[in-house]
Amino acid sequence: MDKKKHTAQWWVAFSLDPSARPPEPQGVLSAGWDEVSPIFAPTAEGAEALCVFDTDHEATVYMHSLGARRGGSHPIITEGLNSRQDLERIAERFGVGYVAINPSLAGEAAAVVPLGEFLDRLP
């Protein structure tokens with residue numbers, strides 16, 4: 001039995017279109033892509049970086065803070081990255097070139113790495 005089958009190393013926060021029906025229980029990666037969009041942060045170079053977090057809790061807290069800053073909240077979904085393929089599917093669909101690791105809205109600079117470098121951290 002694979003002990004880490006459902007243990008995600010990293011988490012991505014997605015904003016759900018408020019008019020969309022809730023996704024099926026199997027997760028956003030199996031749901032319709034038209035109903036969700038991942039959260040991106042601007043980089044110092046002017047590019048956009050996919051926000052990834054160490055824990056589901058950190059992703060949720062970030063999204064709640066972001067919603068409050070924008071004057072309201074949208075439904076959110078957090079999704080664990082269990083493999084390179086999970087991130088590759090997100091990257092292909094949304095044109096990800098960079099990854100922001102544990103971004104903060106408190107003004108702290110997030111570590112931003114190229115997608116390929118971050119993929120090397122996933123099984």
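How exposed is Arg84, in terms of relative accessible area? Arg84 is partly exposed, at 26%. For burial, the cut-offs are under 20% relative accessible area for buried and over 50% for exposed, with partly exposed in between (1.4 Å probe, protein chains only).

Before going further, a word on ground rules. This is a predicted model, in which local features need pLDDT of at least 70 and side-chain atom pairs count only at pLDDT 80 or more, while totals for chains, interfaces and linings use all residues. Residues are numbered from 1 along each chain as its sequence is written, and side-chain values use heavy atoms, with hydrogens and water left out.

**The overall layout**

The protein chain has 3 helices and 7 strands, running β-β-β-β-α-β-α-β-β-α along the sequence. These elements are DSSP runs, numbered from the N terminus: helices are H or I with at least four residues, strands are E with at least two. Of the 123 residues, 40% are buried. The chain exposes about 7200 Å², and carbon and sulfur atoms supply 51% of that; the areas come from the Shrake-Rupley method with a 1.4 Å probe, and for residues only the protein chains shown count as cover. As for contacts (heavy atoms within 4.5 Å), take those with a separation of 6 or more: 67% of them join residues 24 or more positions apart.

**The inside**

A nonpolar core here is a set of buried Ala, Val, Leu, Ile, Met, Phe, Trp, Tyr and Cys residues joined through side-chain atoms within 4.5 Å. The largest one has 20 residues, and Val52, Leu81, Leu87 and Phe118 touch the most other members. Two or more residues each come from β1 (10-16), β4 (48-53), β5 (76-81), α2 (84-94), β6 (98-101) and α3 (115-119), with β1 giving the largest share, 4 residues. Leaving aside residues up to four places away in sequence, Phe118 touches Trp10, Val52, Leu81, Leu87, Val99, Ile101 and Val113. Apart from this core lies another one, of 11 residues, including Ala8, Cys51, Ala59 and Met63.

Strand β5 is largely enclosed by the rest of the structure, because 5 of its 6 residues are buried. β1 and β5 pair in the antiparallel sense over 6 bridges, where pairing takes at least two DSSP bridges between the strands. Ala13 stands opposite Thr78 in β5. Over in helix α2 you'll find Ile90, which is buried at 0% relative accessibility. Ile90 and Ser37 are 53 residues apart in sequence, yet their C-alpha atoms are 9.5 Å apart in space.

**The charged pairs**

With a salt bridge taken as a side-chain nitrogen of Lys or Arg within 4 Å of a carboxyl oxygen of Asp or Glu, the count comes to 3.

| Arg84 | Glu88 | 3.7 Å |

Arg84 and Glu88 are separated by about one helical turn, because they sit 4 residues apart in helix α2. Glu88 is partly exposed at 32% relative accessibility. The Arg84 and Asp120 pair links distant parts of the chain, helix α2 and the segment after α3, 36 residues apart. Asp120 counts as exposed, at 60%. In the remaining pair in the table, Arg121 is partly exposed at 38%, and Glu117 is partly exposed as well, at 42%. Shared partners join Arg84, Glu88 and Asp120 into one network.
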